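Please read these notes with the model open beside you.

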Amino acid sequence: KCWPKYYPSLATRPAPEVVCHRTVERGFSVMFEYELKFGRPRSEFVMVKVRRDSKFGAYLAEDVTQAPQLLRLEFDELSRAERYFERRVNGLRVVRALDHCEELNAVVIEKASGTDLGVLARTNEAEAQAAFRRCGQWLRAFHEKIHSARPRVWTEGEFEARLNKRREKLVALGVADRHLDPLLPDAVRPARSCRHREVPYSLLHGDYKLRHIWASPDSIQVFDFGNVHTGPCYVDVAAFLVEVS
């Protein structure tokens with residue numbers, strides 16, 4: 001019923017046939033992909049993301065607690081980034097935010113165009129290199145222009161706290177202590193040797209990975225703002241570089 005609001009230029013046309021092509025469960029989200037068949041000359045594709053609190057198992061509306069607030073934040077940040085980038089012609093984009101359905105705990109976004117950057121990185125090195133450069137430019141704009149990065153003193157204690165939190169998650173998932181504990185000193189030692197220094201803090205995308213960025217020859221589109229939080233900017237950069245390498 002909301003399609004005329006999403007595509008006002010098509011509002012005078014007959015209602016499209018709506019086809020659900022697939023659903024995908026990814027961690028805390030269930031994704032639905034819909035095709036709106038307007039006939040010639042085109043179809044439009046939208047994604048509906050339903051957020052839940054638990055990472056596994058059935059979606060039970062009565063169990064949802066934090067998910068509505070997190071989804072609202074995701075939609076607001078996506079919309080803010082969209083407003084910033086739409087005024088520029090530098091090939092940096094986000095997917096278009098279409099709707100936030102509070103009663104369904106869902107957001108509606110336009111499907112990204114182009115190619116999953118993870119796929120592109122394996123198949124077209126030249127295009128992937130251009131996209132990687134745009135990824136760095138996009139992060140800088142998000143950290144420094146859309147949000148105002150501020151300097152804070154970095155300490156090794158903060159690093160150790162993050163590392164221990166990761167350890168706890170892995171242990172909870174069934175990884176044995178004997179595999180983890182010998183690795184921790186090797187990770188902590190270089191951090192303890194670093195001098196305290198100022199690093200920029202800002203709002204982080206929080207899940208800046210290859211499959212959350214789709215690229216075409218002249219642009220990238222970023223999506224999935226479901227883990228935005230404040231932190232040191234290098235975390236977004238490091239997570240991306242680790243996945244690329």
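**Notes on the model**

1. An open sheet is formed by 3 strands in the order β8-β9-β12, with antiparallel pairing. Strands (E, at least two residues) and helices (H or I, at least four) are DSSP runs, numbered from the N terminus. Two strands pair if DSSP finds at least two bridges between them. The edge strands, β8 (150-154) and β12 (229-232), each pair on one side only. On average, neighbouring strands of this sheet are turned by 40° against each other, direction ignored; the axes are lines fitted to C-alpha atoms, and angles run from 0 to 180 degrees between N-to-C directions.

2. Please keep the source in mind. This is a predicted model, in which local features need pLDDT of at least 70 and side-chain atom pairs count only at pLDDT 80 or more, while totals for chains, interfaces and linings use all residues. Residues are numbered from 1 along each chain as its sequence is written, and side-chain values use heavy atoms, with hydrogens and water left out.

3. Strand β9 (residues 197-204) is joined to β12 by 4 bridges, and the two run antiparallel. Leucine 203 stands opposite threonine 230 in β12.

4. Which residues touch the most other members of the largest nonpolar core? They are Phe85, Leu117, Trp138, Ile220 and Phe225, out of 36 residues. A nonpolar core is a set of buried Ala, Val, Leu, Ile, Met, Phe, Trp, Tyr and Cys residues joined through side-chain atoms within 4.5 Å; buried means under 20% relative accessible area (1.4 Å probe, protein chains only). Elements that each supply at least two residues of this core include α2 (67-86), β4 (92-94) and α3 (117-123). The largest share, 8 residues, comes from α4. Apart from this core lies another, of 13 residues, among them Leu36, Val50, Cys101 and Val108.

5. Glutamate 44 lies in strand β3 (residues 43-51). Is glutamate 44 buried or exposed? Glutamate 44 is buried, because its relative accessible area is 11%. Its side chain makes a polar contact (a pair of N or O atoms within 3.5 Å, one able to donate a hydrogen and the other to accept it) with the side chain of arginine 42, at 2.9 Å. Leaving aside neighbours within four places in sequence, glutamate 44 is in contact (heavy atoms within 4.5 Å) with residues including Tyr7, Leu10 and Glu110.

6. The chain has 8 helices and 12 strands. Buried residues make up 39% of its 245 residues. Along its principal axes the C-alpha trace spans about 65 × 45 × 35 Å.

Definitions and conventions. Buried means under 20% relative accessible area, exposed over 50%, partly exposed in between (1.4 Å probe, protein chains only).
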